[in-house]
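Please look through the sequence and the model below. The paragraphs that follow go from strand pairing to the helices, the aromatic contacts and some single residues.

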Amino acid sequence: MTIQFTVYGNPVAQGRPKFSSQGGFTRAYDPKNSKDYKDYVRLAAAEHAPAALLEGPLGMVLTVYRSTPKSFSKKKAAQAEAGQIRPITKPDVDNYLKGVKDALKGVIWKDDSQVVEVFAQKRYSARPRIEVKIKQYTQI
């Protein structure tokens, strides 16, 4: 079984957790941007969710399309769109991956520990988005 979907809009990487203390206890929570984006990813994924949460080993392909910088010349923007120039600036691709994996828990799969294989990449595009592909492997 393979599930594919696209989350349109500017991708948001998982931010560092924030901390607060209340009643002598410290608690960690997601920054607002990360939390809001995870909610948006859940909404996009819900349209493609299986009848029952996926179980067993899963593979995942994540392609993050960031906005092409306005400072790029037309030639450089065309090269970026063709994949000849790739984003090597922060945030790291694994921060995008972490946020998406967290968002899919309870929507697509039981737990993100089920993801045993990942291919993730960052690219430029005039249409920023994240494309997600999930493949279920069979257990022997």
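Phe-5 has its bridge partner in β6, namely Val-132. A second bridge partner in β6 is Arg-129, which pairs with Tyr-8. In this predicted model, β1 and β6 run antiparallel and are joined by 7 bridges.

The pairing of β1 with β6 belongs to an open sheet of 4 strands, ordered β1-β6-β4-β5, with mixed pairing. Which strands stand at the edges of this sheet? They are β1 and β5; each has a single partner strand, so one side of each is left without a neighbour in the sheet. On average, and with direction ignored, neighbouring strands of the sheet are turned by 10 degrees against each other.

The protein chain as a whole has 3 helices and 6 strands, and along the sequence these follow the pattern β-β-β-α-β-α-α-β-β. Its C-alpha atoms fill a box of roughly 50 × 50 × 25 Å along the principal axes. Of the 140 residues in the protein chain, 36% are buried. Among contacts between residues at least 6 apart in sequence, 83% join residues at least 24 apart.

Helix α3 lies across β1, β4, β5 and β6 and runs at about 125 degrees to β4. Its 12 residues, 93-104, should span 16 Å at 1.5 Å a residue; the end C-alpha atoms are 17 Å apart, which agrees. The buried residues of α3 are Tyr-96, Leu-97, Gly-99, Val-100, Lys-101, Ala-103 and Leu-104. An α-helix has 3.6 residues a turn, so residues three or four places apart point the same way. The cover over the buried residues of α3 includes the strands β1, β4, β5 and β6 as well as helix α1 (32-46).

Asp-102 also lies in α3. Is Asp-102 buried or partly exposed? With a relative accessibility of 21%, Asp-102 counts as partly exposed, because the limit for buried is under 20%. Leaving aside residues up to four places away in sequence, Asp-102 touches Gln-14, Lys-38, Arg-42 and Asp-112.

Two backbone features belong to the surroundings of α3. In the loop between α2 and α3 is Pro-91, joined to Lys-90 by a cis peptide bond with omega of about 5 degrees. After α3 comes Gly-106, which has a positive phi near 85 degrees. Most residues other than glycine have a negative phi, and most peptide bonds are trans.

The structure holds 2 aromatic pairs. In the pair of Phe-72 and Tyr-124, the ring centres are 5.4 Å apart and the planes stand at 80 degrees, so the pair is edge-to-face. This pair links distant parts of the chain, 52 residues apart: Phe-72 is in the loop between β4 and α2, and Tyr-124 is in strand β5. Both Phe-72 and Tyr-124 are buried. Another ring, that of Tyr-65, has Arg-129 over its face, at 3.8 Å from the ring centre.

The loop between β4 and α2 also holds Thr-68. Thr-68 has a relative accessible area of 17% and is therefore buried. Not counting residues up to four places away in sequence, Thr-68 touches Ala-77, Ala-80, Glu-81, Tyr-124, Ser-125 and Ala-126.

Gln-79 lies in helix α2. With a relative accessible area of 29%, Gln-79 is partly exposed. Its contacts, again without residues up to four places away in sequence, are Gln-84 and Ile-85. The C-alpha atoms of Gln-79 and Tyr-124 are separated by 9.4 Å, and the two residues are 45 residues apart along the chain.

Key
Residues numbered from 1 in each chain as written. Predicted model: local features only at pLDDT ≥ 70, side-chain atom pairs only at ≥ 80, totals over all residues. Heavy atoms only, no water. Expected span 1.5 Å × (residues − 1). Buried < 20%, exposed > 50% of the residue type's maximum accessible area, 1.4 Å probe, protein only. Contact = heavy atoms within 4.5 Å. Phe/Tyr/Trp six-rings, centres within 6.5 Å; stacked < 30°, edge-to-face > 60°. Lys NZ or Arg CZ within 6 Å of the ring centre and 35° of its normal. Pairing = 2+ DSSP bridges. Axes fitted to C-alpha atoms, helices over the stretch in contact; angles between N-to-C directions.
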